[in-house]
Amino acid sequence: MSTVLKNVCKQYDSEKMVLNDVSAEIQTGEFFVIVGPSGCGKSTLLRMIAGLTQISDGEISVDDKVINDLAPKDRNLTMVFQSYALFPFLNVWDNVAFGLKARKKTSQADIENRVNEALRMVNLEELKDRKPRELSGGQRQRVALARAVASDAKICLMDEPLSNLDAQLRIKMRQEIYALQRKLGITLIYVTHDQVEAMTMADHIMVLNDSRVQQVGTPTDIYKHPANEFVASFFGVPPINILPAVKTSNGVINVNGDFEITIDQPVPVDNFTVGIRPTELIIEKTDELSANASIKTIEYLGDEKIIYAKMSNNNVEIAVIVTSDADFKAYDTINVSATNNILLFNSDGVNITKAEDLINA
Ligand SMILES: Nc1ncnc2c1ncn2[C@@H]1O[C@H](COP(=O)(O)OP(=O)(O)OP(=O)(O)O)[C@@H](O)[C@H]1O
């Protein structure tokens, strides 16, 4: 049982393709996150699943039934928008009950039970008589969530539901949405541009960019085995360092003309780049003559420091994470090297770390 997107495409009028050949399988009961930079087509894809936007080509099916031409109300799903979409003239209770009442299929007693239970689950029982304007952003978001909880839809779609909240509330609501999804066992398809939200909540993540799916996988997969340079750079703060490299001898590569790494895999001959996470770079203070980089700025993050440095060749900038007691300051000259826990990308940006064709070469 699942929601399947098969070669889904979208083109608005004569504009360029907004979504090109999008395919994925979303399992029933999973937390599925669609993530990507602004304008990559996330909301369009969600709206197509909801039936609010027509698809140009391809197929969307739920439990083996194609739903391309089904009206939104017949799709057995509920949607939480970024703007919450609450009715300003209705109080909290009536906002949550609205969809159930409109469907006319549910008895009054059932409506009351479900609305009360939904309000209890999102901790809003006390505020049930208030109007949306008398609520904080987080409370409004909870009303929108309660509405989704009260419906008996098996699939819930959320479009950047936390983007209007401050950082602390976002973390709290993130945990609440995650707990609710687990408790209710619904399929949740969640759109965000925030890689941390994607990483912390998803069972599976779809990464979109340039109108195409870059990768679908678990958070661990996506972080450890990114399909390409884009995915590698999208996840991780600060982002992975992407540096030019050349092969010097078997198993040894020279990075940016600055330092060498011995790796345990065959190395491509032509142009390639290496991806090194900020935790995998090693730095030590040294005198100017033997230095291959100098520190520009340092950010203190409590337990850690992020060191931003400039390599001596090509003005390439790097970010390194060190423990907060490491003794570095701006303008120090340093020697940079790296562990061999790195990624290799070919000239098209495709991840070729441990690629079969290299191993068999
Ligand atoms: N109704 C429309 N008519 C024409 N073009 C549209 C329409 N809706 C969206 N687009 C275009 O489609 C592209 C994808 O938009 P969409 O809103 O799906 O992206 P997004 O990834 O959700 O972006 P954001 O994170 O900024 O909300 C954009 O270039 C946008 O301008």
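Q: At what angle do α4 and helix α5 (residues 167-184) pack?
A: The axes of α4 and α5 lie 12 Å apart, where helices (H or I, at least four residues) and strands (E, at least two) are DSSP runs numbered from the N terminus. Axes are lines fitted to C-alpha atoms, for helices over the stretch in contact, and angles run from 0 to 180 degrees between N-to-C directions. On that basis the packing angle is about 10 degrees.

Q: What pLDDT do local features need in this model?
A: Residues are numbered from 1 along each chain as its sequence is written. This is a predicted model, in which totals for chains, interfaces and linings use all residues and side-chain atom pairs count only at pLDDT 80 or more, while local features need a pLDDT of at least 70.

Q: Are α4 and α5 roughly parallel or roughly antiparallel?
A: Angles under 35 degrees count as roughly parallel, over 145 as roughly antiparallel, 65 to 115 as roughly perpendicular and the rest as oblique. The angle here is about 10 degrees, and α4 and α5 are therefore roughly parallel.

Q: Which residues of α5 meet α4?
A: From α4, the residues involved are G138, Q141, L145 and V149, a contact being a pair of C-beta atoms, placed from the backbone, within 7 Å. Their partners in α5 are L169, M173, I177, L180 and L184.

Q: Which residues touch the most other members of the largest nonpolar core?
A: A nonpolar core is a set of buried Ala, Val, Leu, Ile, Met, Phe, Trp, Tyr and Cys residues joined through C-beta atoms within 7 Å, and buried means 20 or more other C-beta atoms within 10 Å, against 12 or fewer for exposed and partly exposed in between. The largest such core has 85 residues, and those touching the most other members are V33, V96, A146 and I189.

Q: Is D63 buried or exposed?
A: D63 sits in the loop between β4 (57-62) and β5 (65-66), and has a positive phi of about 50 degrees although it is not a glycine. With 12 other C-beta atoms within 10 Å, D63 is exposed.

Conventions:
Two residues are in contact if their C-beta atoms, placed from the backbone, lie within 7 Å.
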